[in-house]
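Colleague: I am new to this structure and would like to know what stands behind the words used for it. Please take me through the terms one by one.

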Amino acid sequence: MILSVFLGSLVGSMVIGMPIAFALLVASAAMMYYLDLFDAQIIAQNLLNGADSFPLMAVPFFMLAGEIMNAGGLSRRIVNIAMSMVGHKRGGLGYVAIIASCLLASLSGSAVADAAALAALLVPMMVSAGHSRERSAGLIAAGGIIAPIIPPSIGFIIFGVASGVSISKLFLAGIVPGLMLGAALAVAWWWIARKEVVETSPKRSGREIAQALIEGGWALGLPLIIVFGLKFGVFTPTEAAVVAAVYALFVATVIYKELKLSDLYELILSAAKTTSVVMLLVAAAMVSSWLVTIADLPGQLVDLLDPFMDNPTVLLLMIMLLIIIVGTVMDMTPTILILTPVLMPTVVQAGIDPVYFGVLFLINTAIGLITPPVGTVLNVVCGVSGIQMNEIIRGVWPFLLAQLLVLLLLVIFPVLVTGPMKFLAG
C-alpha cells in the first residue's frame, strides 16, 4: 500500500505540472501522513542534509568548466581535430560528430551542453554536404548522451552520492562502455551513410593535421589530467572538478585568449542556475530516500523480484526494462535519485557489483535522454537545429537501437565493464 501512496502522489503531482523536486516533497509528505510520521522539521532537516555533501560540490565546478570550454574555444578545437582526421572520408562529418562527442564527453560531462554545441556547429555543415537533416540531428543527439558515461560525469557523481558507491571507480569504469557507445554509433552511421551521395571535405595534409592537434592539445590535456589524477590518487572527484574549471579558465583566457574575464560573470551565473536545479532535486530526493528506507520499500521490491534473485542476468534485464520505461517520461537526475535507493539493496543482495550496476544504470538513464516524449537532449537539438520533434525521432531511432544493443551486451557480458575497471583502478 505504501508503494501505491508513493507512486500515486508522485505521478499525480507530475501530471498536474508540478516541478519534479516539489513532486518529490509532496510524495514524501504523503508517505509521512500514511505512516503517521508527519513532521515539517524532519522534511527541513533532510533537505539540508541532502544538499550538505562534499562530493556534490563537484557539480557546480564541472558545470562551470563546461560553460568555459564552450565559450573559450576548447570545444571548437576538439571538432577541428576530428575534422582534420576523418572529415574527408565518406560520411566523414558523421564520424567527426561521433569523435567530437567522445572527446567533448571527456571535458564537460553534460549531455545537453555537448549536444547543443555540436548541433549548432555540425548540423548546418552536414545538411550542406547533402546529409539528411533528421539523420544528422539524430546522430548528434545520440552522440550527446555519451557525455554522462565518459568521465567526468555529473550523473556518476549524483549516483555515487545517492548510493554510497565510489565515484572514482564509477569514473574509471565508464571509460570503455562510453567508447563502446561511440563505436556502435559509428557502425550505425556507416550503415546509413553508405548509400548517401554527399560532398566530402578535402583531405588534410599531415602538416594540417599536426597543426590541428597542436592547437587542440591544451583541450585534449584535460581528460588525461583527470583520469591519471583519479587513478593515482592525486585528487578526489570533487577536487578534479575544481582542477577542470581552473584549467579550462587558464586555457581559454591565457592560451587561446577567446574568453575575456568580463564574460566570466555570465558563465558563472549560467552554471549556478543549472546547479541550483540539480541541487534542489538532490535535496528533495534525499527526503524521499529517507522515507523509502523507513517504509522498507526496497524490502518489498526484493520480495517482488525474488523469483529472479538466483539469476543476476535475468534480474538485471528486468531492472533495465524498468529503467527504460521510467526514462521515457522522466529526466536523468530524478530517475537516478528516485530509483537508486530502491534498487541498490536488491542489487547488493543479488551479489551484483554496485559499480558495474552503476554503469548500466547511467547508460540506461542516458538513453532516456533521447527517448520521447520527454527526451531532454532531443528537445535541445530540435531547438538548436530548427527541426521538428517528429523528424528527429525518425532520425535518432537507428542510433538508439545501436546503443540499446551495447547496453544488452554489457548486461550479458559483465566483464566488458568489470575487466577494464579493474585494470584502470589498479
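Modeller: The accessible surface of the protein comes to about 17600 Å², and 68% of that belongs to carbon and sulfur atoms. Such areas come from the Shrake-Rupley method with a 1.4 Å probe, where for residues only the protein chains shown count as cover. This is a predicted model, in which local features need pLDDT of at least 70 and side-chain atom pairs count only at pLDDT 80 or more, while totals for chains, interfaces and linings use all residues. Residues are numbered from 1 along each chain as its sequence is written, and side-chain values use heavy atoms, with hydrogens and water left out.

Colleague: What pLDDT does the protein average?

Modeller: The average is 84, and 96% of the residues score at least 70. pLDDT is the predictor's confidence in each residue, from 0 to 100.

Colleague: How many helices and strands does the protein have?

Modeller: There are 21 helices and 0 strands. Both are DSSP runs numbered from the N terminus: helices are H or I with at least four residues, strands are E with at least two.

Colleague: Why is the protein called as compact as a globular protein of that length?

Modeller: Its radius of gyration is 22 Å, and the globule rule gives 22 Å for 426 residues, so the description applies. The radius is taken over C-alpha atoms, and the rule is 2.2 Å times the number of residues to the power 0.38. The C-alpha trace spans about 70 × 45 × 45 Å along its principal axes.

Colleague: Why is Asn46 called buried?

Modeller: Buried means under 20% relative accessible area, exposed means over 50%, and partly exposed is in between (1.4 Å probe, protein chains only). Asn46 has a relative accessible area of 13%, so it counts as buried. Across the protein, 54% of the 426 residues count as buried.

Colleague: Where is Asn46, and which residues is it in contact with, leaving aside its neighbours within four places in sequence?

Modeller: Asn46 is in helix α3 (residues 40–51). With those neighbours left aside, its contacts are Ala283, Met286, Val287 and Trp290. Contact means heavy atoms within 4.5 Å. Of the contacts in the protein between residues at least 6 apart in sequence, 79% join residues at least 24 apart.

Colleague: What makes Lys257 exposed?

Modeller: Lys257 has 63% relative accessibility, so it counts as exposed. This lysine lies in the loop between α13 (237–255) and α14 (264–294).

Colleague: Which residues are linked in a network of salt bridges?

Modeller: Arg76, Arg77 and Glu258 are linked in this way. The side chains of Glu258 and Arg77 meet at 2.9 Å, N to O. Arg77 is buried at 13% relative accessible area, whereas Arg76 at 44% counts as partly exposed.

Colleague: How many salt bridges does a search of the whole structure find?

Modeller: The search finds 3. One of them joins Arg394 with Glu134, whose closest N and O atoms are 3.2 Å apart. Arg394 lies in helix α20 and Glu134 in helix α8, so this pair ties together parts 260 residues apart in sequence.

Colleague: Which residues form a nonpolar patch on the surface?

Modeller: Leu317, Leu405, Leu408, Leu409, Ile412, Phe413 and Val415 form it, with about 590 Å² of accessible area together. Patches are made of residues with over 30% relative accessible area and no salt bridge; like charges are joined within 9 Å, nonpolar side chains (Val, Leu, Ile, Met, Phe, Trp, Tyr) within 5 Å. Leu317 has 36% relative accessibility and counts as partly exposed. Leu317 lies in helix α16 (residues 312–327), while the largest share of the patch, 4 residues, comes from helix α20 (residues 389–412).

Note on methods:
Salt bridge = Lys/Arg side-chain N within 4 Å of Asp/Glu carboxyl O.
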